[in-house]
Amino acid sequence: MGRTGSADHGSAGPAPSAASPERVAELTAGLADVERRLSSACEDAGRQRAEVTLIAVTKTWPASDVAALAALGVRDVAENKDQEAKAKHAELTSVDLRWHFVGQLQRNKARSVVRYADVVHSVDRPELAAALAGASERHRERPLDVLLQVDLEEGASAGRGGVTPSAVAALAADVVASPTLRLLGLMAVAPLGGDPDRAFARLAELSAALREDHPEARWISAGMSSDLESAVRHGATHVRVGSALLGKRVSGHGSVWP
């Protein structure tokens with residue numbers, strides 16, 4: 001069952017396949033390194049480590065890796081494709097996890113996603129908010145937690161999604177108007193090749209403005225493997241880490257440790 005117990009997770013199934021001892025050792029080392037970086041970043045920022053939640057982005061990696069991370073204490077995992085997320089969730093119903101959906105999402109996938117996701121980070125338009133609200137009403141017992149994805153490049157990089165900063169307030173109003181959605185905060189990705197400090201400082205400003213009208217929307221989902229220190233420095237409450245934790249794929253098989 002998911003950590004929040006809000007989605008229709010179904011009954012516990014058989015135990016997932018186990019990762020090899022060598023892979024568990026890789027994951028243990030990756031987690032230790034990421035934790036070291038997070039602790040150091042929090043100390044430098046004058047923050048407590050407990051203020052920042054690590055979300056393991058497990059896309060392209062098998063369910064056995066997710067189970068191994070859970071055994072190491074990771075409780076928050078993220079996927080960015082519905083088909084892969086749905087399959088992993090079905091294999092891991094017996095594992096205590098909170099499932100985050102972080103990828104761009106089409107309206108026709110809303111009904112599927114609300115069945116397993118505890119949090120959707122990528123709400124970026126009213127039509128998607130409406131689709132998730134309707135699907136949540138039909139397929140969930142509790143409201144779906146959502147974040148608004150903000151386009152910090154304001155259209156300069158096509159295909160990454162996100163609402164423009166000027167439209168955040170209107171989209172937030174659409175979300176909170178639905179009884180089947182719960183607004184948690186904002187999510188963003190730093191522009192490719194840009195200054196993450198500048199990007200995350202802007203996101204912090206937008207978050208502060210959002211909280212003036214919606215004080216409960218405290219989450220700031222920002223920072224990945226390459227820029228988590230900057231995100232923590234600018235108030236991130238959740239960081240989404242993939243390759244620094246799990247390694248890098250090689251032609252779909254195995255991993256290369258960075």
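Analyst: A residue is buried under 20% relative accessible area, exposed over 50% and partly exposed in between (1.4 Å probe, protein chains only). This is a predicted model, in which local features need pLDDT of at least 70 and side-chain atom pairs count only at pLDDT 80 or more, while totals for chains, interfaces and linings use all residues. Residues are numbered from 1 along each chain as its sequence is written, and side-chain values use heavy atoms, with hydrogens and water left out.

User: Why does K88 count as buried?

Analyst: K88 has 6% relative accessibility, and the cut-off is under 20%, so K88 is buried. E79 is buried too, at 1%.

User: What makes E79 and K88 a salt bridge?

Analyst: The rule asks for a side-chain nitrogen of Lys or Arg within 4 Å of a carboxyl oxygen of Asp or Glu. For E79 and K88 the N to O distance is 2.8 Å, so the pair qualifies. The rule gives 14 salt bridges, and R23, E26 and D65 are linked in a network of them.

User: How do you know that R182 and D145 tie together separate parts of the sequence?

Analyst: Their closest N and O atoms are 2.6 Å apart, in a salt bridge. R182 belongs to strand β6 (residues 181-187) and D145 to strand β5 (residues 144-149), so the bridge joins parts 37 residues apart in sequence. Strands (E, at least two residues) and helices (H or I, at least four) are DSSP runs, numbered from the N terminus.

User: Why is R182 called partly exposed, and D145 buried?

Analyst: R182 has 46% relative accessible area, which falls in between the two cut-offs, so R182 is partly exposed. D145, at 6%, is buried.
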